[in-house]
Amino acid sequence: MGAAFVGLAAVAGTMMVANQDKTPAAPVQKAPAAQVAAAPAPAAATPTPAASASPAADDGFTIKRILPIEGAIKYGDWHWDDKDVPAGPIVITVDLDARVLSIFKGGYEIGASAVLLGTQDKPTPLGVFPIMQKKAHHTSNLYDAEMPYMQRLTNDGVALHASNVRWGYASHGCISMPLEFAKKVFEQTKVGDKVYITRGKQVGMGDSLTS
């Protein structure tokens with residue numbers, strides 16, 4: 001294992017049991033879209049010559065669709081629909097309160113899943129993180145645990161990767177997804193794509209993914 005993987009293995013890896021009871025899988029709430037009221041029109045001012053109308057350029061980061069998911073997403077559940085979605089930039093969002101990861105393509109939400117996050121001792125960090133490295137087959141040399149579809153976000157080892165997403169488990173700070181969902185996300189992303197990790201932020205149609 002090269003030196004580039006040492007930091008990753010130090011934080012990410014096997015899921016550690018956070019609760020040993022037999023509580024059934026708990027639902028994970030997908031944050032609803034925020035309702036944005038239209039601002040009132042400004043008072044009329046002295047007429048000025050009309051400027052030539054030109055529509056704002058679509059930068060691909062404005063939300064154009066949110067998947068119609070009813071109710072909360074249970075651990076292990078995920079949703080995917082990229083049919084007829086045009087090409088566009090990829091943005092991933094993670095809400096630590098809702099424990100949900102969403103992936104957007106050109107502003108269209110194409111996937112959402114309940115995820116495992118870190119604990120108080122090894123929390124998942126807040127912020128904006130570009131994908132630094134991708135490796136479909138990766139094994140932690142610290143925990144001797146497989147981390148399929150690993151996408152590294154930080155130098156100290158926080159990553160997106162596949163794992164057994166179950167109630168009562170947590171990560172060592174990583175964002176862990178069901179295997180098939182993690183594979184789909186891995187196939188959509190490239191190094192440099194950004195992951196926005198927030199706590200309780202709600203967005204809706206027409207909002208910016210990057211603000």
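**Close-up 1. Thr189, a buried loop residue.** At 9% relative accessibility, Thr189 counts as buried (buried means under 20% relative accessible area, exposed over 50%, partly exposed in between, using a 1.4 Å probe and protein chains only). You'll find Thr189 in the loop between α2 and β16 (helices are DSSP runs of H or I with at least four residues, strands are runs of E with at least two, and both are numbered from the N terminus). Leaving out residues up to four places away in sequence, Thr189 touches Ile90, Ile92, Ile103, Ile131, Lys134 and Gln151 (contact means heavy atoms within 4.5 Å). Keep in mind that this is a predicted model, where local features need pLDDT of at least 70, side-chain atom pairs count only at pLDDT 80 or more, and totals for chains, interfaces and linings use all residues. Residues are numbered from 1 along each chain as its sequence is written, and side-chain values use heavy atoms, with hydrogens and water left out.

**Close-up 2. Ile92 and the largest nonpolar core.** This core has 25 residues, and Ile92, Val94, Leu101 and Ile175 touch the most other members (a nonpolar core is a set of buried Ala, Val, Leu, Ile, Met, Phe, Trp, Tyr and Cys residues joined through side-chain atoms within 4.5 Å). The top contributor is α2, with four residues. Among the residues that Ile92 touches are Leu101, Leu160, Val185 and Tyr196.

**Close-up 3. Trp78 meets Phe181.** These two rings form a tilted aromatic pair, 5.9 Å centre to centre with 55 degrees between the planes (rings of Phe, Tyr and Trp, the last by its six-membered ring, pair if their centres lie within 6.5 Å; planes under 30 degrees apart count as stacked, over 60 as edge-to-face and the rest as tilted). Trp78 sits in strand β4 (residues 78-80) and Phe181 in helix α2, so their pairing ties together parts that are 103 residues apart in sequence. Trp78 is partly exposed at 30% relative accessibility, whereas Phe181 is buried at 0%.

Close-up 4. Met205 lies in the segment after β16. Met205 and Thr62 are 143 residues apart in sequence, yet 7.8 Å apart in space, C-alpha to C-alpha. Not counting residues up to four places away in sequence, Met205 touches Ile63, Lys64, Arg65 and Ile66.
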